[in-house]
Amino acid sequence: MSILKVSVRQVKAARAMLDWSQAELAERSGVSEPTIKRLEASDGELGGRTDTAQRIVGTLESAGVLFLDGPYSGDGGPGVRLRSVDRA
């Protein structure tokens with residue numbers, strides 16, 4: 001898992017791309033749904049305990065989400081996209 005700074009908006013966008021509810025992210029990550037709701041109610045960088053943020057980000061990355069920042073995001077801003085799937 002990357003150690004890049006991830007924003008709340010990126011987490012919300014990642015969930016939307018995967019069509020996951022807060023409850024599904026909670027179940028898959030092992031983070032309680034109230035914690036997911038509290039974290040997503042804020043703006044800016046994903047807060048909370050470091051291990052909680054790592055579990056959320058790691059779960060989304062394992063599902064195929066790429067968190068983008070800097071020159072890798074096209075225009076230099078943060079973003080998300082799904083990993084390409086090789087369909088050979």
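Author: Contact here means heavy atoms within 4.5 Å. Among contacts between residues at least 6 apart in sequence, 53% join residues at least 24 apart.

This is a predicted model, in which local features need pLDDT of at least 70, side-chain atom pairs count only at pLDDT 80 or more, and totals for chains, interfaces and linings use all residues. Residues are numbered from 1 along each chain as its sequence is written, and side-chain values use heavy atoms, with hydrogens and water left out.

First, the setting. The chain has four helices and two strands. Both kinds are DSSP runs, numbered from the N terminus: helices are H or I with at least four residues, strands are E with at least two. The order from the N terminus is α-α-α-α-β-β. Of the 88 residues, 41% are buried. Buried means under 20% relative accessible area, exposed means over 50%, and partly exposed lies in between (1.4 Å probe, protein chains only).

Now the part to look at: helix 3, residues 33–40. Its buried residues are Thr35, Ile36, Leu39 and Glu40. The general rule is simple: an α-helix has 3.6 residues a turn, so residues three or four places apart point the same way. On the other side of helix 3, Pro34 and Arg38 are exposed.

What does the buried set of helix 3 pack against? Its partners are helix 1 (8–18), helix 2 (22–29) and helix 4 (50–62).

Take helix 4. Thr52, Ala53, Ile56, Val57, Gly58, Thr59, Leu60 and Glu61 are buried there. Helix 4 has 13 residues, and at 1.5 Å a residue it should span 18 Å. The expected span is 1.5 Å times one less than the number of residues. The end C-alpha atoms of helix 4 are 18 Å apart, which agrees. After helix 4 comes Gly64, with a positive phi near 110°.

Then helix 1, which holds Gln10. Gln10 is buried, at 5% relative accessible area. A polar atom of the Gln10 side chain lies 2.8 Å from the backbone nitrogen of Ser7. Beyond its neighbours within four places in sequence, Gln10 is in contact with Lys5, Phe67, Leu68, Pro78, Gly79 and Val80.

Methods:
Polar contact = N/O pair within 3.5 Å; in protein donor to acceptor, adjacent residues only side chain to side chain.
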